[in-house]
Amino acid sequence: MEKAPNPPPESPSPGELFDSLYELTSAALVRQTYLLTGHRRLACEAVEQAFQHAWRHWPEVAADPDPAGWVRAAAHEYALSPWHRLRPGRERRGTPPAHRQDRELLAVLGELPPTYRRTLVLHDGVGLPLPETAAETESSTAATTNRLRHARRIVGARVPELSAVHALRERLARLAEESAAEGPRPARMRKLSERRTRQWTRAALGLTAAVVTATVFTLHTAPGHYEPPVPHGAPVGGVPARMGPQSPGHQAGELHARLTEGPLSGPERLHPDLD
């Protein structure tokens, strides 16, 4: 009697795949993002936002050749957004590193242009090869090489102990390890993402209802037929000038004088003799 074949193993669900990705990469991603910002709270927030965005677009992330790189790019873009400068309390970065060189390294990293800072962190901090660093920063390999050299030169000038590449990489790794932080569980991350999706959906429905209401109101109050605009006035020619009182003649002047000088009453007043 032949033995029945074993049933094929069930493929993991999207939620299980997301949870695995989160468990494997979230902690390291927080440390890497901390090197970009020098701000622990902002680093944690950027990673959480990136994973929530990834869950909302999970079919795209799951089909990506590098899902971890997809989430890392989203976290870095959020962390380097210039809008964070307008947020209150952005200077509260938490407890600074204990070592002087670590504080100096964070300070000089914060002064680098965002593209140079991201290139340095990806190549020397994360360990990505140069072509992958160029692809993630959406730049050419030549431009990425120049940015990396420029960033290393600035760091070496400010912190001479880190002039050597291996010393810089070791210090970046140690600084990232000291900034470890624990985020929410993956199941809660998915719930937060789904709640955000529902909020955006309700906002979109509310906006659509407002637009429809305004359109219906406009249709009911707008005129139902075309009313031509009133033309502007134009000058009319050929109209005679306005007639006014004639200038008094000689006889009228004498009459006015006699009436003024004559008696105030009596027949002479009614029939003055003009001869």
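Does E138 count as buried or exposed? At 73% relative accessibility, above the 50% cut-off, E138 counts as exposed. This briefing concerns a predicted model. The protein has 12 helices and 0 strands, and buried residues make up 30% of its 275 residues. The points below proceed from the overall fold to the nonpolar core, then to selected helices and residues.

**Overall architecture**

- From the N terminus onward, the order of elements is α-α-α-α-α-α-α-α-α-α-α-α.
- Of the contacts between residues at least 6 apart in sequence, 69% join residues at least 24 apart.
- The accessible surface of the protein is about 18,800 Å², and carbon and sulfur atoms account for 59% of that surface.

**The largest nonpolar core**

- The largest nonpolar core comprises 36 residues. Those with the most contacts inside this core are F51, V71, L105, L120, V155, L162 and L168.
- Two or more residues of this core are supplied by each of α1 (14-37), α2 (40-56), α3 (58-63), α4 (67-79), α5 (100-111), α6 (114-126), α8 (141-158) and α9 (165-178).
- With 8 residues, α1 gives the largest share of this core.

**Helix α1 and the residue that follows**

- Helix α1 bends by about 45° at T25.
- G38 follows α1 and has a positive phi, near 65°.

**Helix α5**

- The 12 residues of α5 should span 16 Å at 1.5 Å a residue. The end C-alpha atoms of α5 are 17 Å apart, which agrees with that expectation.
- The buried residues in α5 are Q101, D102, L105, L106, V108 and L109.
- These buried residues of α5 pack against α1, α6, α8 and α9.
- An α-helix has 3.6 residues a turn, so residues three or four places apart point the same way.

- R72 lies in helix α4. R72 counts as buried because its relative accessibility of 10% is under 20%.
- The side chain of R72 forms a polar contact of 2.8 Å with the side chain of E136.
- Apart from neighbours within four places in sequence, R72 is in contact with L29, Q32, D66, L122, V126, L128 and E136.
- E77 is also located in helix α4. E77 is partly exposed, with a relative accessible area of 48%.
- A polar contact of 2.8 Å joins the side chains of E77 and R118.
- E77 and T33 are 44 residues apart along the chain, and their C-alpha atoms are separated by 10.0 Å.

**Helix α6: H123**

- H123 is placed in helix α6. With a relative accessible area of 14%, H123 is buried.
- The side chains of H123 and D124 are joined by a polar contact of 3.0 Å.
- Leaving aside neighbours within four places in sequence, the contacts of H123 are L128, P129, L130, T133, L148, R152 and R169.
- H123 and T133 are 10 residues apart along the chain, with their C-alpha atoms separated by 6.3 Å.

- T137 lies in the loop between α7 (130-136) and α8. At 15% relative accessibility, T137 counts as buried.
- A polar atom of the T137 side chain lies 2.8 Å from the backbone oxygen of T133. The side chain of T137 also reaches the backbone oxygen of A134, at 3.3 Å.
- Residues up to four places away in sequence aside, T137 touches R118, T119, L122 and T144.
- E138 is found in the loop between α7 and α8. Whereas T137 counts as buried, E138 counts as exposed.
- Most residues other than glycine have a negative phi. E138 is not a glycine, yet its phi is positive, about 55°.

- R118 forms a side-chain polar contact with E77 and is touched by T137.
- T133 is in contact with H123, and the backbone oxygen of T133 lies 2.8 Å from a polar side-chain atom of T137.
- L128 is among the contacts of R72 and among those of H123.
- L122 is one of the contacts of R72 and one of the residues that T137 touches.

Technical notes:
Residues are numbered from 1 along each chain as its sequence is written. This is a predicted model: local features need pLDDT of at least 70, side-chain atom pairs count only at pLDDT 80 or more; totals for chains, interfaces and linings use all residues. Side-chain values use heavy atoms; hydrogens and water are left out. A nonpolar core is a set of buried Ala, Val, Leu, Ile, Met, Phe, Trp, Tyr and Cys residues joined through side-chain atoms within 4.5 Å. Buried means under 20% relative accessible area, exposed over 50%, partly exposed in between (1.4 Å probe, protein chains only). Helices (H or I, at least four residues) and strands (E, at least two) are DSSP runs, numbered from the N terminus. The expected span of a helix is 1.5 Å times one less than its number of residues. Contact means heavy atoms within 4.5 Å. Accessible areas come from the Shrake-Rupley method with a 1.4 Å probe; for residues, only the protein chains shown count as cover. A polar contact is a pair of N or O atoms within 3.5 Å; within protein, one must be able to donate a hydrogen and the other to accept it, and residues adjacent in sequence count only if both atoms are side-chain atoms. The bend at a residue is the angle between axes fitted to the seven residues ending there and the seven starting there.
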